[in-house]
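Subject: Structure handover

Hello,

The structure is below, followed by notes on what was found in it. Please read the notes with the coordinates open.

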Amino acid sequence: MNNPGIQKVGIVGEGKMGSGLLYYLTGFDLYLTWSCSRAADIDKIRKQFGKRINRSMESGIIDENKHQALLKTTITSELSDLIDCDLIIEAIPEDVKLKRSLFANLDLMVNRGCIFASNSSSIKPSLLSPSVQRQEKFAGLHFFYPVALKNIVEFTVTPGTSPVTISAIESFLGDIQRFYLTLDEKNSFILNKIFLDFQLAAFQIVNQGLCSFRQMDELVKKDFFPFGVFDFMDSVGTDTMLASIQNYIADYPHKSWFEPLVLQLQEMVKHGKLGMKTGEGFYHYPSESISMGEFQDSASISEHLRQTWFSSVKRFTAQSHIPIGEINFAVKEYLGLLKGPFES
Amino acid sequence: MAKITENTRNEVKEIVYNFFAEECEVDKSKINDGTFIIKDLDGDSLMFLELIEIFKKKYNLEIELKVIGKYSVKHPVATIGQLIDMQMLIIEHENRLLDLDIKS
């Protein structure tokens, strides 16, 4: 590590993202503290961590020195164990009140130099930073799942984030070998917002009765992405999609465009159709992939979606002033594409 | 490109079965190729990644995680058998894994 500023990193949250981030960071020379909310599960989590690092040593993936260093990782249910961290990344559920409360508590007990970051995928950091005194040391660090496979981080700064904090985080992201986009809040969650325009266009077409959800997903998989739009929503969870979309469009002047999609998701959530996790969303699970074949107007619909996609990518690129090459790489990482939108 | 033999597949299968038996604390005899990793074993992507690292080391593979990331988006793995199949493709094709999609 060539950045002496960030050596001790705390992760808060033991969900998929928190654990993915923690294990990714074990690949670097950092002192790690993992704060898990469920005290009852701490022994199980410690045991699992121990098994994994032991296996890594037995398989020759890490050496004895690295194994010894990782044994010093603190796994705890006490927030106070994060006291001497240089950076704390929060990865708890997407709940503004919960996150504010966490940061307010941390602010009282953690050293004044520590930087706070939220891994939220839809809540702007400025909605959370008022809960702490150290607003100059607050930012958004949105890693994507699975962390080890997605080389992209959205680094969102608030108007209050200091240049020193920005520099320290950018240096840290370089050290941990993650490509990042530095974004202001207007352009926060830019990758999800670009994709949302496409999701909305796909939904509107189905909503007009021009094709079914399944037919649309087959078209999308054939002509655009490795997965379908509604497959994606079911995989993420319709409840999570709903909350995220409501957060993304909060500042949009044209949020009424999204109403039909929001209403559809609200209805699904109301009836417990949350996607794969409940066995039913846009589809039933476990599902059998049934080919529906080409449908009338599929070529013109594909062209309409293509125009929506490129127009959205170009608009957000121009608005954010992010170099085309960077957006291109970020979109490829995010969606698992072989070619980005700016490659022919 | 590694030469794949029946012995390689048996070896990979043995490692995968032992891994999940230990990690998920289930009797190895309860695991078969049709076992669902998430639904039946409460598995996660971290286990998938750890197995990739184990095979990278064992077979001295040149495979970048981003290649596997892109491939797995299009070819998601749900069962133990599918996981073994993907590991075999990784061993055989390494960083040329994505060429399989271009060819098909």
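**Helix pairs in chain A**

Helix α7 (residues 213–223) of chain A packs against helix α8 (residues 229–236) of chain A at an angle of about 105°, and their axes are 7 Å apart. α7(A) and α8(A) are therefore roughly perpendicular to each other. On the α7(A) side the contact is made by Phe213(A), Met216(A), Asp217(A) and Val220(A), and on the α8(A) side by Val229(A), Phe230(A) and Asp231(A). By class, the contact of α7(A) with α8(A) has five nonpolar, no polar and two charged residues.

Some conventions before going on. This is a predicted model, in which local features need pLDDT of at least 70, side-chain atom pairs count only at pLDDT 80 or more, and totals for chains, interfaces and linings use all residues. Residues are numbered from 1 along each chain as its sequence is written, while chains are lettered from A and ligands numbered from 1 in the order in which they are written.

The terms used above are as follows:
- Helices (H or I, at least four residues) and strands (E, at least two) are DSSP runs, numbered from the N terminus.
- Axes are lines fitted to C-alpha atoms, for helices over the stretch in contact, and angles run from 0 to 180 degrees between N-to-C directions.
- Angles under 35 degrees count as roughly parallel, over 145 as roughly antiparallel, 65 to 115 as roughly perpendicular and the rest as oblique.
- Two residues are in contact if their C-beta atoms, placed from the backbone, lie within 7 Å.
- Ala, Val, Leu, Ile, Met, Phe, Trp, Tyr, Cys and Pro count as nonpolar, Asp, Glu, Lys and Arg as charged, and the others, Gly among them, as polar.

A second pair is helix α6 (residues 190–207) of chain A and helix α9 (residues 238–248) of chain A, whose axes come within 11 Å and cross at roughly 105°. That makes α6(A) roughly perpendicular to α9(A). Asn192(A), Lys193(A) and Leu196(A) of α6(A) meet Ser244(A), Ile245(A) and Tyr248(A) of α9(A). The contact of α6(A) with α9(A) divides into three nonpolar, two polar and one charged residues.

**The sheet of chain A**

Chain A has an open sheet of eight strands with mixed pairing, in the order β3-β2-β1-β4-β5-β6-β7-β8. Two strands pair if DSSP finds at least two bridges between them. β3 (74–76) and β8 (180–183) of chain A stand at the edges with a single partner strand each, so one side of each is left without a neighbour in the sheet. From one strand to the next the twist averages 20°.

Strand β1 (residues 8–12) of chain A pairs with β2(A) in the parallel sense over five bridges, with Ile11(A) partnered by Trp34(A). β1(A), α1(A) and β2(A) make a right-handed β-α-β unit (right-handed if, with the strands pointing away from the viewer, the path from the first strand over the helix to the second runs clockwise). β2(A) and β3(A) run parallel and are joined by three bridges; Thr33(A) stands opposite Thr74(A) there.

Strand β7 (residues 153–157) of chain A is mostly covered, with five of its five residues buried. A residue is buried if 20 or more other C-beta atoms lie within 10 Å of its own, exposed if 12 or fewer, and partly exposed in between, with C-beta atoms placed from the backbone. Val153(A), Phe155(A) and Val157(A) point one way from β7(A), and Glu154(A) and Thr156(A) the other way. Strand β6 (residues 138–143) of chain A runs antiparallel to β7(A), joined by five bridges, while β7(A) and β8(A) run parallel with four bridges. The chain crosses from β7(A) to β8(A) through helix α5 (residues 163–175) of chain A, and this β-α-β crossover is right-handed.

**Chain contact and single residues**

18 residues of chain A are in contact with 18 residues of chain B. α1(A) gives the most to the side of chain A that touches chain B, with four residues. That side has eight nonpolar, six polar and four charged residues.

Leu79(A) is found in the loop between β3 and β4 of chain A. Leu79(A) is partly exposed, with 19 other C-beta atoms within 10 Å. In chain B, Phe19(B) lies in helix α1 (residues 6–23) and counts as buried, with 20 C-beta neighbours inside 10 Å.

Regards
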